[in-house]
Amino acid sequence: MAVVIHVYYLERLAEIQDRLSSIPVPFDLFVTNSSGQQLDEAKFHVGEARNVAVLEVENRGRDIFPLIQLVNAGFLDAYQLVLKVHTKESAWREGHQDLAGSGEEWKSQFLDQMLGSRDVVEGILASFANDTSIGSVTADGNVLGEKFWGSDETLTKELAMRLEFELEAASLEFSAGSMYWIRGFLLQGLRALQLSAVDFEDEAGQIDGTTAHAIERLLGVLTVQAGLRLTESSQLDDELKDEAWQRWLPDAVQHASARFVPFYLPQFHPSKENDRWWGEGFTEWTNLTNSQPVFRGHEQPLLPGRFGFYDLRLDEVREAQYELSSWAGVEGFMYYYYWFAGKRILNLPIEKLAAQEGLNQPFCIMWANENWTRAWDGRESNVLIGQRYDEVPATDFIDDVMEFLTDPRYLKVDGKPVLAVYRPAQMEDFKDVVAHWRERAEEAGLPGLFLLAVEVAESFGGLKGSPEEWGLDGSMGFPPHALPWKAAPAHRVSLDPRFRGNFVSYKATAEAGAKRARQSSADHYPGVMVSFDNTARRQWRPDIWWGSNPYVFHRWLREAMKAVSDRHPQHRLVFINAWNEWAESAVLEPTQRFGITYLLAVRNVAFS
């Protein structure tokens with residue numbers, strides 16, 4: 001947990017400092033100071049405060065730009081819950097016809113209802129622990145709606161477009177006063193706005209119509225977009241105010257709400273096949289760096305963040321990826337596995353993982369049994385290497401992967417290794433293939449297999465009928481497959497006249513995916529996609545899902561998690577497209593654009 005205090009009116013600081021002792025759990029404290037006077041850090045070591053950082057900031061953007069600076073620097077990334085307060089005066093309030101009380105009364109109300117006593121704080125913390133739908137809590141009467149747009153509607157809509165989000169005026173709901181308890185992710189995601197000092201006006205006593213006021217409103221809108229809700233202190237359910245506040249202790253044991261498994265692309269190392277087809281040294285990075293934007297604000301190329309342009313021949317790359325992903329609540333990766341009539345391709349990363357005994361990383365396999373083509377579409381033309389079941393039968397596949405299935409780290413359900421097949425109907429007599437695989441697994445000493453078919457269209461090699469009819473244990477979502485494609489507002493983004501692709505609404509797909517998850521049977525395991533945009537592979541004829549941002553992704557992922565929450569813990573599988581599909585912009589790992597924000601969305605869903 002963290003507390004963020006912004007200081008401008010120095011004379012208001014002491015009462016905030018005194019109330020920090022009401023917080024019953026250890027917290028880290030960030031103080032942004034624009035008062036122009038030096039602050040004594042020692043005076044902030046009160047109550048359960050562990051680490052204290054005082055940062056001098058320019059008096060720009062009120063309390064909002066200093067908060068944005070903390071977010072952009074990653075200082076708040078570690079925290080699941082944040083209390084944000086500031087030295088408020090708000091003398092203008094006395095003349096406002098729609099708001100009751102003076103600025104002094106308003107400030108006291110915030111402090112009383114958010115930090116008034118240990119019992120008050122314990123009740124708020126317990127409510128966050130017991131009700132994962134709560135996004136933020138503020139003082140009574142301060143969650144406002146569209147009546148309070150003021151002069152901020154246009155600017156808020158412009159900021160929302162940075163997240164590829166069309167804001168409707170009637171959807172406004174926000175916490176006025178900018179003092180609240182809030183889930184850390186909701187602040188961490190603001191990094192995606194890419195705000196800097198030039199976005200904030202010079203201070204001139206404005207009470208409306210500034211970037212700070214717009215972000216105050218946008219944060220409320222984004223909370224709702226994330227599938228969470230804003231609430232006031234008196235609206236908290238008294239029955240939830242129990243000992244659950246201890247969940248926020250630093251050593252509290254946390255269990256992930258579901259088994260989150262992203263797909264993992266191994267195409268980040270040279271191979272002799274790609275050297276022959278695409279040129280020496282080709283990897284997926286080659287496609288990525290050649291892409292160009294096709295509309296205003298298009299994030300192409302999408303560039304790597306923390307891990308850089310890595311090479312999967314290096315063990316330390318996979319180690320770093322696993323360390324970060326497991327911190328965020330990811331259980332393990334599902335590796336795309338390429339096997340063509342007995343021939344492995346791009347097999348080096350998974351083979352090195354299997355040989356690396358010291359890395360306790362759970363993993364599993366999806367047989368990506370599609371043709372490799374020059375168009376990167378898995379179809380029947382311009383084939384580089386194809387699936388040839390007549391030369392080597394599909395039944396032999398199980399023997400090729402048995403060394404991985406018997407690895408003690410292999411991801412299992414009910415003790416059985418999870419194995420997925422991308423385009424199962426491409427194989428003749430697939431039901432017989434499945435029976436053979438199960439027989440061979442038992443002969444190898446395994447208790448069986450947990451077999452899943454990827455949910456794709458029949459025209460793309462998907463199965464007709466229920467998984468059970470084919471001898472399978474279930475099906476798995478792999479968005480955008482098997483979900484509707486609804487047009488996005490291309491008129492808003494000035495598409496390049498050379499564009500000949502599909503411009504699709506991510507929000508509409510997310511809503512359909514969430515509905516599919518809610519209505520699915522117990523043998524379907526939902527999938528969620530970070531984004532999809534294959535401009536890096538197809539430049540002027542790509543499929544682009546416009547509207548992906550960490551908040552809408554969070555809502556979709558949360559709905560998928562809720563859809564499996566009543567199942568046995570072993571069966572709470574949720575698949576994510578993808579960890580590192582860089583040329584399709586389906587990237588969960590760190591990017592320059594978003595940092596680790598998408599991973600922070602996973603972390604919040606996993607550990608709320």
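This is a predicted model: local features need pLDDT of at least 70, side-chain atom pairs count only at pLDDT 80 or more; totals for chains, interfaces and linings use all residues.
Let me begin with the chain as a whole. The protein chain has 17 helices and 26 strands. Its radius of gyration is 26 Å, close to the 25 Å that the globule rule gives for 608 residues, so the chain is as compact as a globular protein of that length. Along the principal axes, the C-alpha trace spans about 80 × 55 × 40 Å. Buried residues account for 61% of the 608 residues, and the accessible surface comes to about 23,400 Å², with 46% of that area belonging to carbon and sulfur atoms. If we take the contacts between residues at least 6 apart in sequence, 77% of them join residues at least 24 apart.

Now to the charged side chains, where the count comes to 40 salt bridges. One of them joins glutamate 15 to lysine 107, with the closest N and O atoms 3.0 Å apart. Glutamate 15 lies in helix H1, residues 13-19, and lysine 107 in helix H3, residues 103-115, so this pair ties together parts of the chain that are 92 residues apart in sequence. The two partners can be described separately: glutamate 15 is partly exposed, with a relative accessible area of 25%, whereas lysine 107 is buried, with a relative accessible area of 4%. Both also belong to a network of salt bridges that links Arg12, Glu15, Glu104 and Lys107.

A second pair is glutamate 166 with arginine 492, whose side chains meet in a salt bridge at 2.5 Å, N to O. Here both partners sit in loops: glutamate 166 is in the one between helix H5 (153-161) and strand S7 (173-175), and arginine 492 is in the one between strand S19 (474-476) and strand S20 (502-505), so the pair ties together parts that are 326 residues apart in sequence. Glutamate 166 counts as partly exposed at 33% relative accessibility, and arginine 492 counts as partly exposed at 32%.

Is arginine 537 buried or exposed? With the cut-off for buried set at under 20% relative accessible area, arginine 537 counts as buried at 18%, and glutamate 284 is buried too, at 0%.

Let me turn to a residue in another helix, serine 127, which lies in helix H4, residues 118-130. At 1% relative accessibility, serine 127 counts as buried. Leaving aside residues up to four places away in sequence, serine 127 touches Ile134, Leu236, Asp237, Leu240 and Lys241. By C-alpha positions, serine 127 and phenylalanine 363 are 35 Å apart in space, with a sequence separation of 236 residues.

I will finish with helix H16, residues 550-564. At 1.5 Å a residue, its 15 residues should span 21 Å, and its end C-alpha atoms are 21 Å apart, which agrees. Helix H16 is mostly covered, since 14 of its 15 residues are buried. At the start of H16, a side-chain oxygen of asparagine 549 reaches to within 2.9 Å of the backbone nitrogen of tyrosine 551.

Technical notes: Residues are numbered from 1 along each chain as its sequence is written. Side-chain values use heavy atoms; hydrogens and water are left out. Helices (H or I, at least four residues) and strands (E, at least two) are DSSP runs, numbered from the N terminus. The expected span of a helix is 1.5 Å times one less than its number of residues. Buried means under 20% relative accessible area, exposed over 50%, partly exposed in between (1.4 Å probe, protein chains only). A polar contact is a pair of N or O atoms within 3.5 Å; within protein, one must be able to donate a hydrogen and the other to accept it, and residues adjacent in sequence count only if both atoms are side-chain atoms. The radius of gyration is taken over C-alpha atoms; the globule rule is 2.2 Å times the number of residues to the power 0.38. Contact means heavy atoms within 4.5 Å. Accessible areas come from the Shrake-Rupley method with a 1.4 Å probe; for residues, only the protein chains shown count as cover. A salt bridge is a side-chain nitrogen of Lys or Arg within 4 Å of a carboxyl oxygen of Asp or Glu.
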